[in-house]
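Me: Hi! Could you walk me through this structure?

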Amino acid sequence: MSSTVSMRTQTLVAALVVASGIGLWVAREPVSAAVIKLFSKSTSEAPGREGRGGVVPVVAGRVGEARDDLKFSGIGTARALAHVTLYPAVAGEVEEVRFAPGARVEKGAIVYRLEDRQARLAVDLARSKLDGATRVMQRAEMLEQRNVQSMARVLDARTIVEQAEVELRQAEAVLEDHSIEAPFTGIVGISQVEVGDRVTASTALVNLDNRSKLVVEFDIPEVYLPRLEIGRELEVHTPGFRRRTFQGRIAGIDSRVDPRKRTVVVRAEVDNGDDLLRPGMSFSIDLVLPGKPYPSVPDLALQFANDGNYVWRLEGEKAERVRVEIVKRVRDEVLVSGDLKPGDPIVLEGVQRLRPGRKVRRVGSEAPVARPAPAKNASAAPAKQQR
């Protein structure tokens with residue numbers, strides 16, 4: 001029984017296959033014509049294919065504009081705007097320390113005083129000599145007026161007075177040298193001596209820094225030298241404040257290029273009004289070097305040939321070939337130089353069938369080329385350069 005059912009099933013399936021084959025054979029010509037017509041229609045309307053009447057459908061865009069900016073990154077070490085290590089002018093014993101570590105001192109303030117008894121005695125002695133010489137001179141002048149003494153005696157007395165005045169000034173200068181003053185307003189560090197210590201002219205006393213601004217020097221390749229200018233803003237970062245950016249500006253450019261490294265030293269000043277930064281910190285510098293504006297086109301619009309690069313510019317209903325040179329690539333845009341202006345319509349897609357003077361038909365929206373976002377202003381061994 002089961003054998004009979006199986007034979008019937010096979011016979012039915014075979015009949016259906018034969019009937020389907022006969023139907024497809026009969027309808028082969030209409031189906032083929034419909035498929036060919038469908039593909040021919042889609043092909044004729046695709047960009048880059050020649051349509052009816054020799055018109056080429058294209059997708060157009062417009063030329064943008066962007067600057068040929070360069071970003072330089074380097075490393076430098078900071079120092080105070082003004083910094084000095086104080087030394088005594090004379091030898092002596094420290095009698096007084098007039099500051100606390102980290103304190104702010106004003107210009108001219110006394111920070112150290114040395115024992116000065118001998119210096120004071122020397123001043124008193126010089127003043128006494130001057131008084132005596134002055135009395136002798138006055139007596140000689142009086143006698144000369146009475147014709148008792150000659151003018152030569154008067155001149156000798158005046159010379160002695162002048163010498164006594166010089167000795168007094170010398171003694172007073174030595175006395176002043178026993179007081180060490182701050183040469184400028186700044187922050188003092190930790191004193192290297194204490195009261196009672198004996199010091200000489202070669203003994204370092206303390207460091208004094210004016211850190212209202214920090215100076216950071218770094219090397220920059222000579223190829224960037226034409227783009228540098230005093231006052232150009234930059235950004236610096238330091239490991240001590242990883243999430244904070246500090247602003248600075250170029251304050252100086254060295255007068256010559258190092259012939260061994262082919263770099264030039266640039267000095268930047270970083271504002272430190274909050275007094276967060278310290279001399280000796282390491283800084284990474286980000287510096288934007290502005291360039292000239294150039295036309296920019298998308299990668300899709302740029303074409304390559306044996307005689308150079310070019311784009312297709314639209315003039316009314318026709319396309320013309322414009323030769324360009326690549327200046328720089330910025331993401332999906334290419335900065336070029338050539339006979340192009342911002343806003344010129346250019347072909348983005350459909351260039352395969354284009355020929356000079358061939359008519360075109362614009363398909364799709366005509367979006368302007370997006371301008372690359374300008375890099376933020378920001379700042380040496382070895383430096384990272386992005387071009």
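Reply: Happy to. This is a predicted model, where local features need pLDDT of at least 70, side-chain atom pairs count only at pLDDT 80 or more, and totals for chains, interfaces and linings use all residues. Residues are numbered from 1 along each chain as its sequence is written, and side-chain values use heavy atoms, with hydrogens and water left out.

Me: Is Thr 238 buried or exposed?
Reply: Thr 238 is buried, at 5% relative accessibility (buried means under 20% relative accessible area, exposed over 50%, partly exposed in between, with a 1.4 Å probe and protein chains only).

Me: And what does the side chain of Thr 238 reach?
Reply: The backbone oxygen of Ser 282, at 3.0 Å.

Me: Switching topic, which residues have the most contacts inside the largest nonpolar core?
Reply: Ile 220, Leu 228, Leu 234, Leu 287 and Leu 289, in a core of 22 residues. A nonpolar core is a set of buried Ala, Val, Leu, Ile, Met, Phe, Trp, Tyr and Cys residues joined through side-chain atoms within 4.5 Å. Apart from this core lies another, of 17 residues, Val 111 and Phe 184 among them.

Me: How about Val 311, where is that found?
Reply: In strand β17, residues 308–315 (strands are DSSP runs of E, at least two residues, numbered from the N terminus). Val 311 is buried too, with a relative accessible area of 0%.

Me: How far apart are Val 311 and Val 324 in space?
Reply: They are 7.3 Å apart, C-alpha to C-alpha, and 13 residues apart in sequence.

Technical notes
Helix = DSSP H or I, 4+ residues; strand = E, 2+ residues; numbered from the N terminus. Polar contact = N/O pair within 3.5 Å; in protein donor to acceptor, adjacent residues only side chain to side chain.
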